[in-house]
Amino acid sequence: SASPLFEPQALPGVQNCTWKTFDQQLDHFSPGATADHAATFKQRYCIYDGFIDNTGDRQASFPPIFFYTGNESPVEEYVNNTGLMWELGLKM
């Protein structure tokens, strides 16, 4: 049986996020690494705004931003399996 101190909650995942991209410089540290210094790639990021309180409360209008950087694996795996961001989002 489950511990009375821990009640599992359904947390958001990739299906609840908005995915966007922006043009990111290919090389930040080597001037001249590309011929025209303009090589870019599409940097992808996701936004979840389900914890924002839209009641007009001034404190709630400045919610914290949690930034999570992935690594070599698909970021979707981490968005779905990183409970810390979701748990803190519920509390903040």
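How many salt bridges does a search of the whole structure find? The search turns up two, and both get a closer look below. Keep in mind that this is a predicted model.

## The overall layout

The protein chain has two helices and two strands, and if you read along the sequence they come in the pattern β-β-α-α.

The chain has 92 residues, and 11% of them count as buried. As for contacts with a separation of 6 or more, 56% of them are between residues 24 or more positions apart.

## Salt bridge one: Asp23 and Lys42

Here the side chains of Asp23 and Lys42 meet, at 2.9 Å from N to O. Asp23 sits in strand 1 (residues 18-25) and Lys42 in strand 2 (residues 40-47), so this pair ties together parts that are 19 residues apart in sequence.

What about the surface? Lys42 has a relative accessibility of 56%, and because the cut-off for exposed is over 50%, Lys42 counts as exposed.

## Salt bridge two: Arg44 and Glu76

The other salt bridge joins the side chains of Arg44 and Glu76, at 2.8 Å from N to O. Arg44 belongs to strand 2 and Glu76 to helix 1, so the pair links distant parts of the chain, 32 residues apart.

Are Arg44 and Glu76 exposed or only partly exposed? Arg44 comes in at 41% relative accessibility and counts as partly exposed. Glu76, at 27%, also counts as partly exposed.

As background for both pairs, side chains of opposite charge can pair when their charged atoms come close.

Now for helix 2, which covers residues 83-91. Which of its residues are buried? They are Met85, Trp86 and Gly89. Looking down the axis of helix 2, you find these buried residues within an arc of 95°, so they line one face of the helix.

Definitions and conventions
Residues numbered from 1 in each chain as written. Predicted model: local features only at pLDDT ≥ 70, side-chain atom pairs only at ≥ 80, totals over all residues. Heavy atoms only, no water. Helix = DSSP H or I, 4+ residues; strand = E, 2+ residues; numbered from the N terminus. Buried < 20%, exposed > 50% of the residue type's maximum accessible area, 1.4 Å probe, protein only. Contact = heavy atoms within 4.5 Å. Arc of directions from axis to C-beta. Salt bridge = Lys/Arg side-chain N within 4 Å of Asp/Glu carboxyl O.
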